[in-house]
Amino acid sequence: MKSSRMPARFLALALGLGLASSALGAAVPASAQTAAAPSATAGTSDARYAGSVKKAANNKAFFDAVLKSVAKKRAAQPNAQAVTLYYNASQAPSFRSQISIAASIWNSSQSNVKLQPASSGADFSYREGNDPEGSYADTNGHGSGYVFLDYTQSRQNDSVRVATHETGHILGLPDDYSGPCSELMSGGGPGQTCTSHYPNATERSRVDQLWATGLAQPHGTVNQTR
């Protein structure tokens, strides 16, 4: 009889522990659960990186807005070898380090456009917050734009890669989510384990071409997706 009753007792104990564990799990803050998400989904791509016609239009509009913003600089310095784009990161305090690194990466990767911080009179800005669509580039269509950095996306993916990737749109580069991890503009396509921060040779060459002799050239029909 003992042998038949013991399993039942253990079963009851296991059930009790299971219920207690579930209750404790429910009490874990949502932020902590979110922070643990990457380990459970490592290697999977972020669905919010998916491109769309709307996102493509936003990126093209952003680049066009940047061109409008630097038009006066071109006129004032027609022989400049590089255009300086000023950015304001005051509205993205949580990402100051990532933004600074992203600017340094792009400044060291090509020669015809330079990114510099500014507290006022910036050509574009960075913002932060939560958005179900993740990080993106946007513009008001009148020579002013901003990069939005999403908390969750930056936590689940490499945050420097996210910032550098989004900054690439400002310089005229489209997304290519089918590309390898070594391609910066492949974004989250290669999965959350991808931590490559630098543009590849083709991307560096494209930015130099777009901003040749300090004058950004139209990017024509290049398909832009976020």
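The legends below describe several close-up views of a predicted model.

Local features need pLDDT of at least 70 and side-chain atom pairs count only at pLDDT 80 or more, while totals for chains, interfaces and linings use all residues. Residues are numbered from 1 along each chain as its sequence is written, and side-chain values use heavy atoms, with hydrogens and water left out.

View 1. Helices (H or I, at least four residues) and strands (E, at least two) are DSSP runs, numbered from the N terminus. Read from the N terminus, the elements follow the order α-α-α-α-β-α-β-β-β-β-α-α-α. Of the 226 residues, 43% count as buried, that is, under 20% relative accessible area, where exposed is over 50% and partly exposed lies in between (1.4 Å probe, protein chains only). The protein exposes about 11,200 Å², and carbon and sulfur atoms supply 57% of this area; accessible areas come from the Shrake-Rupley method with a 1.4 Å probe, and for residues only the protein chains shown count as cover. Contacts (heavy atoms within 4.5 Å) with a separation of 6 or more are made to 67% by residues 24 or more positions apart.

**View 2. Strand 3 and its partner strands.** Two strands pair if DSSP finds at least two bridges between them. Strand 1 and strand 3 run parallel and are joined by 3 bridges; here Q91 stands opposite R127. Strand 3 and strand 5 also run parallel, with 6 bridges, and R127 stands opposite F148 of strand 5.

**View 3. The aromatic pair Y87 and Y126.** Rings of Phe, Tyr and Trp (its six-membered ring) pair if their centres lie within 6.5 Å; planes under 30 degrees apart count as stacked, over 60 as edge-to-face and the rest as tilted. By this rule there are 6 aromatic pairs. The ring centres of Y87 and Y126 are 5.7 Å apart and the planes stand at 90°, so this pair is edge-to-face. Because Y87 lies in strand 1 (residues 83-91) and Y126 in strand 3 (residues 124-129), the pair ties together parts 39 residues apart in sequence. Both residues, Y87 and Y126, are buried. Together with F124, Y87 and Y126 form one aromatic cluster.

**View 4. The aromatic pair Y136 and F148.** This pair is stacked, at 5.0 Å centre to centre and 15° between the planes. Y136 belongs to strand 4 (residues 136-139) and F148 to strand 5 (residues 145-150), 12 residues apart. Y136 and F148 are both buried.

**View 5. R127 over the ring of Y146.** A charge sits over a ring if NZ of Lys or CZ of Arg is within 6 Å of the ring centre and within 35 degrees of the ring normal. R127 lies over the face of Y146, at 3.8 Å from the ring centre.

**View 6. N107 in helix 5.** Helix 5 spans residues 96-109. N107 counts as buried because its relative accessibility is 19%. Apart from neighbours within four places in sequence, N107 is in contact with V113, K114, L115 and Q116.

**View 7. The largest nonpolar core, of 24 residues.** A nonpolar core is a set of buried Ala, Val, Leu, Ile, Met, Phe, Trp, Tyr and Cys residues joined through side-chain atoms within 4.5 Å. The residues with the most contacts inside this core are L85, Y87, I99, L115, Y126, L171 and W211. Elements giving two or more residues include strand 2 (113-117), helix 7 (159-170) and helix 8 (201-210). Strand 1 gives the most, with 4 residues.
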